Amino acid sequence: MRAVVLTGIRQMKLTDVPEPVLSNEKDVKIKLSTIGVCGSDIHYYSEGNIGSQVVEYPFTVGHECSGIIVETGKEVSNVKVGDLVVVDPSVHCGTCDQCKAGRPHTCLNNKFLGCPGQLEGCLSEFIVMPSYTCIPVSGKLNSMQAALIEPLSIGVYAVKLAQMEQTELSTAIFGAGPIGLSILMKLLADRVQNIGMIEPLDYRLERAEEIGASWLVNPTREDVVSTVKKQEELLMDIVFEASGDQKAVDNATKILKPGGKLILVGIPPDAQYVFNMDLMRRKELTVINVRRQNHCVEEAIELVVSGAVQVSKMVTHEFNLEETPVAFDMVEGYKFGAIKAMINL
Ligand SMILES: [Zn+2]
Ligand SMILES: [Zn+2]
C-alpha cells in the first residue's frame, strides 16, 4: 500500500509499505478516507521530536482520521464492513491504574497513532486498530467532518476541564489555530457570550470572527493587557492557551482576574514555560493542563451532527495523498492562509 513516511527533518516521501494485518479478533482494518494535518505532526516533521518523543526514520505520522471498515475480527460487534468511522487514535491497556481510574488518555501503556515508538500513523491507505477506537458515523457525518472530530474533541475536553458553571463568564483564547477554534466553537455551542480571541495572524483572527468570537486582539499591533481591559474592566475569568507561546502565557496571567483559571492546551516548542509566580500567587490563579482528550469523542460527534458546531469552518485547504509534502510545508510556514489542511484519499 501507499504510505507517506518521514525520512529526515522536513523530509517526507510517498512510498510502498506492506499492508497491515489484523493481529487479533477484536481488531478492524480501516481504509482511510480523510486525514487532518495536526500541529503535532508538524512538530515531528520540522523538529523530529516533541519533548522526549523522538522520531526514528522512516516513520509515518498522522492521527486525525476517518475511514471505511474493510475487515473485522470475529469478536468485533460495534462496527461492520462498509461503515464510515471516526477513529480515536488512542489505544489503552484497560488494566493499569490510570485506565481503572477512568483516565485511558494517560494510560501507562498508552499507544497513540502516529506517535514515535508507539504506532505508525494514518498517512497511508490502511491502518489496523482495536475496534473500540472506531465509532460508526455513516449517514451522520461526511468523511471530512469525521476526521475533524479528534481536534474538536480536544476543544470539548479543554472546556470541560475549565468547569464553567455559568455562561456569563468572560473568556479569552490565545491562538486561533485548529485547537483554539475548536475551543471557540465549543464555547459558542455552550452559549458562552464573551469570548475574546488573541492571535498574531490577521487571517486567523478573521476566521475566528466569522465563527463568532466576540472581540479580537492582534498582539503584534495592540497591547494585549490594555486592550483586554477596555473590553472587560474586571479582566478574564478563564483563559485558554492554545498557541504554545511563552508571551501568550505571560499575557494570560496578566489578563486573568484573581481566582481565574488558565487552561494550558498548546505545546511549547522547548517544553518549558516560565511563570510570574508573584502574579500567580497574588491572584491565586489555577492552572489546568490538558492532555489530548478523555471521553469527549461522543460529545464532539453529537455537536457536529446536531449542527451546533460547523467543524469544517476551520478547514482552509484540501490535498490528495501525493501532495502531503506540500500540505506539511504550507502548514509549517503558515503559508496561503493555512489553518487546517486535510488529505483526501
Ligand atoms: Zn491532532
Ligand atoms: Zn492503561
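Which residues line the largest cavity? They are Val86, Val87, Asp88, Pro89, Ile149, Glu150, Ser153, Gln293 and Val297.

This is a predicted model, in which local features need pLDDT of at least 70, side-chain atom pairs count only at pLDDT 80 or more, and totals for chains, interfaces and linings use all residues. Residues are numbered from 1 along each chain as its sequence is written, chains are lettered from A and ligands numbered from 1 in the order in which they are written, and side-chain values use heavy atoms, with hydrogens and water left out.

**Cavity**

The whole structure holds 1 cavity of 30 Å³ or more. A cavity is a set of points, on a 1 Å grid over the protein atoms alone, where a 1.4 Å probe fits but cannot get out; lining residues have an atom within 4 Å of a point. The volume is the space filled by probe spheres set on the points, with grid points joined across faces, edges and corners. For the largest cavity that space is about 30 Å³.

β7 (84–87) and α4 (149–162) each supply at least two lining residues. α4 gives the most, with 3 residues. Helices (H or I, at least four residues) and strands (E, at least two) are DSSP runs, numbered from the N terminus. By class, the lining has 5 nonpolar, 2 polar and 2 charged residues. Here Ala, Val, Leu, Ile, Met, Phe, Trp, Tyr, Cys and Pro count as nonpolar, Asp, Glu, Lys and Arg as charged, and the others, Gly among them, as polar.

Cys38 sits in the loop between β3 (27–36) and α1 (39–47), and His63 in the loop between β5 and β6, so the pair ties together parts 25 residues apart in sequence.

Cys38 is buried at 14% relative accessible area. His63 is also buried, at 4%. Buried means under 20% relative accessible area, exposed over 50%, and partly exposed in between (1.4 Å probe, protein chains only).

**Backbone**

Tyr57 and Pro58 are joined by a cis peptide bond, with omega about -10°. Pro58 lies in the loop between β5 (53–54) and β6 (64–72).

Glu284 has a positive phi near 50°. Its loop runs between α9 (277–282) and β17 (286–289), and Glu284 is exposed at 64%. His295 has a positive phi of about 55°. His295 lies in the loop between β17 and α10 (297–305) and is exposed at 58%.

**Salt bridges**

The whole structure has 15 salt bridges. Each needs a side-chain nitrogen of Lys or Arg within 4 Å of a carboxyl oxygen of Asp or Glu.

| Pair | N to O distance |
|---|---|
| Lys26 and Glu75 | 3.9 Å |
| Arg207 and Glu210 | 3.7 Å |
| Arg281 and Asp278 | 3.4 Å |

Lys26 and Glu75 form a salt bridge. This pair links distant parts of the chain, 49 residues apart. Glu75 is exposed at 52%.

Glu210 and Arg207 are 3 residues apart in helix α6 (residues 202–211), about one helical turn. Asp278 and Arg281 are 3 residues apart in helix α9, about one turn. Asp278 is partly exposed at 39%, while Arg281 is exposed at 55%.

Arg2, Glu125 and Glu322 are linked in a network of salt bridges.

Definitions and conventions
On a 1 Å grid over the protein atoms alone, a cavity is a set of points where a 1.4 Å probe fits but cannot get out, and a pocket is an open set with protein on both sides within 12 Å along at least five of seven lines; lining residues have an atom within 4 Å of a point.
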